[in-house]
Amino acid sequence: MKKVEAIIKPFKMEDVRSALSSIGVSGMTVTEVKGFGRQKGHSELYRGAEYHIGFLPKHKIEVIVADDVVDRVIEVIMENARTGKIGDGKIFVSTIDRAIRIRTGEENEEAV
């Protein structure tokens with residue numbers, strides 16, 4: 001099993017969610033986060049004064065999937081989150097050693 005974490009622009013969240021659902025991803029965790037990458041935030045004008053916004057709003061999606069569908073999940077996220085502009089986000093993949101459903105005690109693939 002793999003954990004796929006994607007940091008994306010907030011307005012792309014619904015596109016990514018529906019695309020993942022359409023390929024059979026049955027559950028995900030979404031968190032509103034703030035951060036910055038290479039762009040180091042941005043500047044805005046408010047009443048004639050310039051303000052530097054260091055942390056930009058993003059959404060973090062976390063899904064646990066079987067090893068054989070990881071590449072498809074990554075493709076779907078990239079297709080639906082990409083705008084072609086700086087700040088589109090990042091995808092991280094890590095290995096999950098064990099997963100347990102608290103209610104039933106099911107483990108690993110059955111728990112996901």
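Q: Which residues gather in a patch of negative charge on the surface?
A: In this predicted model, the patch of negative charge on the surface is formed by Asp67, Asp68, Glu109 and Glu110. One of these residues, Glu109, is placed in the segment that follows strand S6, a strand covering residues 89–95.

Q: How many helices and strands does the chain have, and what pattern do they follow along the sequence?
A: The chain contains 2 helices and 6 strands. Along the sequence, the pattern reads β-α-β-β-β-β-α-β.

Q: How many salt bridges does a search of the whole structure find?
A: The search finds 8 salt bridges. One of the pairs joins Glu62 and Lys3, whose closest N and O atoms are 3.0 Å apart. Glu62 belongs to strand S5 (residues 56–65) and Lys3 to strand S1, so this pair ties together parts that are 59 residues apart in sequence.

Q: Which residue forms a salt bridge with Lys9?
A: The partner of Lys9 is Asp88, with 3.8 Å between the closest N and O atoms. Because Lys9 lies in the loop between S1 and H1, while Asp88 lies in the loop between helix H2 (70–81) and S6, the pair ties together parts that are 79 residues apart in sequence. Lys9 is buried, at 14% relative accessible area, and Asp88 is buried as well, at 16%.

Q: Where does Lys12 lie, and which residues is it in contact with?
A: Lys12 is found in the loop that runs between strand S1 (2–8) and helix H1 (13–22). Its relative accessible area is 15%, which means that Lys12 is buried. When neighbours within four places in sequence are left aside, the contacts of Lys12 are Asn80, Ala81, Arg82 and Thr83.

Q: Which side chain meets that of Glu107 in a salt bridge?
A: The side chain of Arg98 meets that of Glu107, at an N to O distance of 3.0 Å. Glu107 is partly exposed, with 31% relative accessible area. Arg98, with 54%, is exposed.

Q: What is the phi value of Asn108, and where is this residue placed?
A: As a general idea, most residues other than glycine have a negative phi. Asn108 is a residue other than glycine with a positive phi, near 55°. Asn108 is placed in the segment after S6. Its relative accessibility of 25% makes Asn108 partly exposed.

Q: Which residues does Ile100 touch?
A: Residues up to four places away in sequence are not counted here; beyond them, Ile100 touches Gly105, Glu106, Glu107 and Ala111. Ile100 lies in the segment after S6 and is partly exposed, with a relative accessible area of 48%. Between the C-alpha atoms of Ile100 and Val112 the separation is 8.0 Å, and the two residues are 12 residues apart along the chain.

Q: Where is Val112 found, and how far apart in space are Val112 and Ile64?
A: Val112 is found in the segment after S6. From C-alpha to C-alpha, Val112 and Ile64 are 6.9 Å apart in space, although 48 residues apart in sequence. Neighbours within four places in sequence aside, Val112 is in contact with Met1, Ser26, Ile64, Ala99 and Arg101. At 41% relative accessible area, Val112 is partly exposed.

Q: What percentage of the contacts in the chain with a separation of 6 or more is made by residues 24 or more positions apart?
A: Residues 24 or more positions apart account for 68% of those contacts.

Q: What share of the residues counts as buried, and what area does the chain expose?
A: Of the 112 residues in the chain, 27% count as buried. The chain exposes about 7,600 Å², and carbon and sulfur atoms supply 51% of that area.

Conventions:
Residues are numbered from 1 along each chain as its sequence is written. This is a predicted model: local features need pLDDT of at least 70, side-chain atom pairs count only at pLDDT 80 or more; totals for chains, interfaces and linings use all residues. Side-chain values use heavy atoms; hydrogens and water are left out. Patches are made of residues with over 30% relative accessible area and no salt bridge: like charges are joined within 9 Å, nonpolar side chains (Val, Leu, Ile, Met, Phe, Trp, Tyr) within 5 Å. Accessible areas come from the Shrake-Rupley method with a 1.4 Å probe; for residues, only the protein chains shown count as cover. A salt bridge is a side-chain nitrogen of Lys or Arg within 4 Å of a carboxyl oxygen of Asp or Glu. Lys and Arg count as positive and Asp and Glu as negative; His and the chain ends are not counted. The place of a charge is taken as NZ of Lys, CZ of Arg, CG of Asp or CD of Glu. Helices (H or I, at least four residues) and strands (E, at least two) are DSSP runs, numbered from the N terminus. Buried means under 20% relative accessible area, exposed over 50%, partly exposed in between (1.4 Å probe, protein chains only). Contact means heavy atoms within 4.5 Å.
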